[in-house]
Amino acid sequence: MKRRIDLNADVGEMDAADDAALMPYLSSANIACGFHAGSPLRMRETVALCKAHGVAVGAHPSYWDRAHFGRRELDIPADEIRELVRYQIGALQAVAAAQGVRVGHVKPHGALYNRSARDAVVADAIADAVASVDAGLMLVGLAGSESLAAGRRAGLRVAAEGFADRRYTAQARLVPRSSPDACIESTDEAVAQVLGMLSDGRVRASSGEDVALSVDTVCLHGDGPSALAFARALRSRLEGEGVEISAERP
């Protein structure tokens, strides 16, 4: 069993009260920067929540696609992706700096995250944008993906991410949200999936086989109906197993 893991969630997207309830169970948070959700005011409020709870702050850049919550892949060139990521990181940095908070990591959102996991050109554009803003930022990406390889090429620290409440394919990729079994609704199943990642370095694919998956950080989707129950149960179980919840990653 890993002795330390980061628990993260995507926040600043929906209801502020839900974020406030979730925050005590997290060690890091990925804050929407306005392109798929959120606003300057919500960014300020969410940074303040993170500061109050000692939660590490990260940027959660997306395609410019509020109508589809950033979950629709857009056919735009790598140069444009580089600039939209740079822009969103800078916006959150300005909001955070006004409260004496440093942005420490970047995790792309939705369709941009999934595209960077498989598309080396897009992954390099994102990693280049992150490095150009602050080479000390950590890039968070899907475990075993092109995103992490690009981050390493750009000289960034990277964190391999696993998901508590999403199912996996036999290729260690996320089952598409269009599939009826993409999301895990059972708290017990979600907790078991994370424990498997940490104890065995494996995850059970939706097709039944075990797949290798080594992770540094685990995501709980903050917009899911069971997010709070997942977070509460997972943190309790991990701490019961002697696992430290901390944003200190490689």
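Tutor: Let us begin with Ala172, which is found in the loop between β6 (157-163) and α7. These labels denote DSSP runs numbered from the N terminus: helices are runs of H or I with at least four residues, and strands are runs of E with at least two. The model is a predicted one, in which local features need pLDDT of at least 70 and side-chain atom pairs count only at pLDDT 80 or more, while totals for chains, interfaces and linings use all residues. Residues are numbered from 1 along each chain as its sequence is written, and side-chain values use heavy atoms, with hydrogens and water left out.

Although Ala172 is not a glycine, its phi is positive, at about 65°. Ala172 has a relative accessible area of 9% and is therefore buried; buried means under 20%, exposed over 50%, and partly exposed in between, with a 1.4 Å probe and protein chains only.

Helix α7 (residues 187-200) and helix α8 (residues 227-240) have axes that come within 9 Å and cross at roughly 45°. Here an axis is a line fitted to C-alpha atoms, for helices over the stretch in contact, and angles run from 0 to 180 degrees between N-to-C directions. The two helices α7 and α8 are therefore oblique to each other, given that angles under 35 degrees count as roughly parallel, over 145 as roughly antiparallel, 65 to 115 as roughly perpendicular, and the rest as oblique.

Which residues make the contact? From α7 come Thr187, Ala190, Val191, Val194, Leu195 and Leu198, and from α8 come Ala229, Phe230, Ala233, Leu234, Arg237 and Leu238; contact means heavy atoms within 4.5 Å. These residues divide into 10 nonpolar, 1 polar and 1 charged. In this scheme Ala, Val, Leu, Ile, Met, Phe, Trp, Tyr, Cys and Pro count as nonpolar, Asp, Glu, Lys and Arg as charged, and the others, Gly among them, as polar.

Phe69 lies in the loop between β3 (56-60) and α3 (78-97), and its phi is near 55°, a positive value in a residue other than glycine. With a relative accessible area of 15%, Phe69 is buried.
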